[in-house]
Amino acid sequence: MQRWQGGGRCRHSRRLQSMSRSLLRDLPLRELLALEASLRLGSLARAADELSVTPSAISHRIRQLERTLGIALLARRGRGVAPTAAAAACQHELSALVAEFRRATHALRHNAQQTLHIDVTPVLGATWLTAQLAALRQALDLPRLQVELSATRLPNAPADPRTDILIELVADPLASGLTRLFGARIGAYVDARSPLSSPVSLGELQQQTLLRQTVVEWSDWCVTAFGHSAPLHYGVMLDDPLSALEACLAGGGPALLSTLSVAPYVASGQLRPLHPAQIDAGHYAITLTERGQRKELARRAAAALVALAVA
């Protein structure tokens, strides 16, 4: 008996789920909007103009609704239409519901236009971009702008479907069809308490545990700094540039770091440059996703960010 009751409850639940899906699927929104506009404006042509469809489409939708309900809803009056008694009885309530639906739709659209999704590289997101958010709101004249920032952008990674703007590190923005923000530079830095001299010598570096990221080579920096390289002892290779920064701050050893990421730590005396030599690391570039191209806010924000980068 218990098993039979359980199966009955299961079948009952499935019937309710099926009914719910059927009601949502069969809800005649387009037909009701056509009827409400025709009743309010007294004309199929005016209703069609308001809803951006043809008069025949309005007529078809209302006939479909009449077939579904089994009653007549409109009567011809010269070049216009008038409600039947059945339609007149529900016209006020229908108009109120449609007006509320439009208000809710407008609120959803307004909220969407007040929210911006940006996918950015870790260094740029944690340093430059977060510092620009107040200026971005001011430039857009949107003090309540909500920015959803994902600072995990990796090269060639697929964009999150919700993303409006991508900011990433590329070798050549022109070849990629992107807009350049500014160049990326890499320098050698160390914890300010380190006994290493500045400028450091190649011989000193050969005795050190060196930190580097997967996209940066100490040998390339050494060629720029000293004109040649030599065998070096690599200590730790880190995938994440912010992890390399943290390790350097913790005294893990000299590190090749973005000049953007170290700027506040150099200013506060926590890090110091080992040598004035720097190497190019590509360009930070900005682009709109397909979603962002359809969004006026994203287009304006991208232009504002480019202007802020120039400034």
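**View 1. Thr127 and its neighbours in a predicted model.** Leaving aside residues up to four places away in sequence, Thr127 touches Leu260 and Ser261, where contact means heavy atoms within 4.5 Å. Thr127 sits in helix α6; helices here are DSSP runs (H or I, at least four residues), numbered from the N terminus. Thr127 counts as buried because its relative accessible area is 19% (buried is under 20%, exposed over 50%, partly exposed in between, using a 1.4 Å probe and protein chains only). This is a predicted model, so local features need pLDDT of at least 70 and side-chain atom pairs pLDDT 80 or more, while totals for chains, interfaces and linings use all residues. Residues are numbered from 1 along each chain as its sequence is written, and side-chain values use heavy atoms, without hydrogens and water.

**View 2. Helix α6 packing on helix α13.** Helix α6 (residues 122-140) meets helix α13 (residues 296-310) at an angle of about 120°, their axes 10 Å apart. That angle is why α6 is oblique to α13 (under 35 degrees is roughly parallel, over 145 roughly antiparallel, 65 to 115 roughly perpendicular, the rest oblique). On the α6 side, the contact includes Trp128, Leu129 and Gln132; on the α13 side, Leu297, Arg300 and Ala301 are among the residues involved. By class, this contact has 12 nonpolar, one polar and one charged residues.

View 3. The protein's mean pLDDT is 84, and 88% of its residues reach 70 or more; pLDDT is the predictor's confidence in each residue, from 0 to 100. Residues 1-10 fall below 50, with one contact beyond near neighbours in sequence. Residues 15-24 are also below 50, with zero such contacts.

Technical notes. Axes are lines fitted to C-alpha atoms, for helices over the stretch in contact, and angles run from 0 to 180 degrees between N-to-C directions. Helices (H or I, at least four residues) and strands (E, at least two) are DSSP runs, numbered from the N terminus. Ala, Val, Leu, Ile, Met, Phe, Trp, Tyr, Cys and Pro count as nonpolar, Asp, Glu, Lys and Arg as charged, and the others, Gly among them, as polar.
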